[in-house]
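This report goes through one protein model part by part. Please keep the sequence and the structure in view while reading.

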Amino acid sequence: MLAAIMDAVQGFGVSSTHYLQTNYQDTQGLFLWVSWAADLRNTFFIFFPLWFHLRASVGIKLIWVAVIGDWLNLVFKWILFGERPYWWVHETPHYGNAVRPHIEQYAMTCETGPGSPSGHAMGAAGVYYTLVTSILTIMTSKKKYGTKKSSTRDQYLRVALWTLFWGVQLCVCLSRVFIAAHFPHQVIAGVITGMVVAEAFNRTQWIYSASMRTYFYTTLLLTSLAVGFYVLLKVLGVDLLWTLEKAQRWCVRPEWVHLDTTPFASLLRNMGTLFGLGLGLHSPLYTETKKSSSWVVRSGCVISSLVLLHLFDSFKPPTHTAALFYLLSFCKSAAVPLVTVSIIPYCVNAVLNFQNKKAV
């Protein structure tokens with residue numbers, strides 16, 4: 001019974017993908033760009049450095065929401081065993097002797113992990129929910145005792161931001177369905193769970209004063225739980241990497257199957273980011289520079305971070321050895337917040353102080 005229901009739901013999903021690809025082929029470029037923009041990599045390389053130097057608490061919360069949300073997404077995917085449209089349409093007996101719908105594949109289609117819930121939808125929902133609620137909190141706290149006119153402006157701001165939020169979620173969901181990476185129910189589940197994670201961290205305060213020991217043990221605990229869960233199910237005869245074979249079999253171009261979309265790549269990337277944030281926040285360099293709050297320093301840090309991280313992102317760990325790839329992915333991810341939080345602010349302050357002394 002459940003299998004028949006899921007076949008009907010997933011059959012509707014494939015029909016939705018076929019409809020979008022047939023009737024909105026001209027928007028292919030937009031959908032592909034939206035899928036690229038919704039990747040959590042852009043949170044780490046763009047949103048985090050921008051917001052950390054403007055308001056550190058928002059940057060810290062963004063990292064926690066993105067990392068914990070993606071860790072939960074990994075666990076949910078391992079538990080739910082979600083299919084993906086681009087391979088399900090070829091293997092399902094749902095269509096019987098009928099002609100199977102033809103769906104196109106793209107460079108971002110052939111992800112190698114299970115499909116439910118959608119990581120892109122969950123990540124985008126969590127990150128943008130955090131940004132919207134943070135901006136509203138900042139703006140309304142500045143106008144706590146404002147006039148009726150300022151209250152009206154707050155309402156307009158609230159409506160504008162939430163309209164933008166839902167517009168982004170709609171675009172992300174449609175893009176993931178369009179490229180045949182997810183079924184509609186998977187992206188809806190991703191949006192809901194992403195918002196729940198973000199709201200949970202809106203109610204959490206300890207992350208802003210977490211010690212280095214807390215960051216270390218949290219990273220170790222989350223990694224151990226994920227690996228332990230994988231090993232346990234492996235012993236029980238459950239292969240959690242069952243999707244990798246399907247991706248390699250049904251992807252129309254082998255080069256579109258990337259190692260960095262595997263579950264363990266995602267796990268180590270996120271754990272490296274969280275550990276690197278802890279290192280940065282408890283670095284002597286950050287302690288020395290965090291009191292610098294001038295707009296010149298902040299602007300210099302934002303620009304320097306975005307430029308340097310863009311160059312840093314061009315480094316791609318070699319994929320010929322899985323263990324080496326995972327190790328370098330962890331180190332690269334840890335370096336991103338470490339450089340953003342401590343090294344770049346220290347260097348910017350050093351340059352500005354040197355120029356001031358030279359001017360005197």
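## The start of the chain

Met1 counts as exposed, because its relative accessibility is 80% and exposed means over 50%. The model is a predicted one. Met1 sits in the segment before α1 (2–23). Together with Leu2, Ile5 and Met6, Met1 makes a nonpolar surface patch of about 450 Å².

## Nonpolar cores

The largest nonpolar core has 54 residues, and those that touch the most other members are Trp64, Tyr215, Leu277 and Leu281. Two or more residues of this core come from each of α3 (40–54), α4 (56–80), α6 (119–142), α7 (148–178), α8 (184–202), α9 (212–235), α11 (263–281) and α14 (322–359). The most is given by α4, with 13 residues.

Which residues does Tyr215 touch, leaving aside those up to four places away in sequence? They are Ile60, Trp64, Ile207, Ala210, Leu274, Leu277, Gly278, Leu281 and His282.

## The disulfide and other cysteines

A disulfide is a covalent bond between the sulfur atoms of two cysteines. The structure holds one disulfide. The bond joins Cys110 to Cys251, with an S to S distance of 2.0 Å. The torsion about this S-S bond is about 85 degrees, so the disulfide is right-handed. Cys110 is in the loop between α5 (85–91) and α6, while Cys251 is in the loop between α10 (242–250) and α11, so the pair ties together parts 141 residues apart in sequence. Cys110 counts as buried, at 2% relative accessibility, and Cys251 is buried as well, with a relative accessible area of 8%.

Cys171 is in no disulfide, and the nearest cysteine sulfur, in Cys173, is 9.4 Å away. Cys171 is partly exposed, with a relative accessible area of 37%. Cys301 counts as buried, at 2% relative accessibility.

## Backbone details

A cis peptide bond joins Ser116 and Pro117, with omega at about -5 degrees. Pro117 is in the loop between α5 and α6.

Phe81 is not a glycine, yet it has a positive phi of about 55 degrees. Phe81 lies in the loop between α4 and α5 and is partly exposed, with a relative accessible area of 34%. Ala180, a residue other than glycine, has a positive phi near 65 degrees. The place of Ala180 is the loop between α7 and α8. Is Ala180 buried or exposed? With a relative accessible area of 0%, Ala180 is buried, because buried means under 20%.

## A buried threonine

Thr243 is part of helix α10 and counts as buried, at 1% relative accessibility. Not counting residues up to four places away in sequence, Thr243 touches Trp87, Thr112, Gly113 and Pro114.

## Salt bridges

How many salt bridges are there? The count comes to eleven. One of them is formed by Glu111 and Arg84, whose side chains meet at 3.5 Å, N to O. This pair links distant parts of the chain, 27 residues apart: Glu111 is in the loop between α5 and α6, and Arg84 is in the loop between α4 and α5. Glu111 is buried, with a relative accessible area of 14%. Arg84 is also buried, with a value of 0%.

The side chains of Asp239 and Lys234 meet in another salt bridge, at 3.7 Å, N to O. Asp239 is partly exposed, with a relative accessible area of 34%, and so is Lys234, with 44%. Arg41 forms a salt bridge with Asp39, and the closest N and O atoms are 3.9 Å apart. Arg41 is partly exposed, at 27% relative accessible area, and Asp39 is partly exposed, at 26%. Salt bridges that share partners join Asp39, Arg41, Asp313, Lys316 and Lys332 into one network.

Conventions: Residues numbered from 1 in each chain as written. Predicted model: local features only at pLDDT ≥ 70, side-chain atom pairs only at ≥ 80, totals over all residues. Heavy atoms only, no water. Patch = residues over 30% accessible without salt bridge, like charges linked within 9 Å, V, L, I, M, F, W, Y side chains within 5 Å. Areas by Shrake-Rupley, 256 points an atom, 1.4 Å probe, with all protein chains shown as cover. Salt bridge = Lys/Arg side-chain N within 4 Å of Asp/Glu carboxyl O. Helix = DSSP H or I, 4+ residues; strand = E, 2+ residues; numbered from the N terminus. Buried < 20%, exposed > 50% of the residue type's maximum accessible area, 1.4 Å probe, protein only. Core = buried A, V, L, I, M, F, W, Y, C linked by side-chain atoms within 4.5 Å. Contact = heavy atoms within 4.5 Å. Disulfide = S-S within 2.5 Å.
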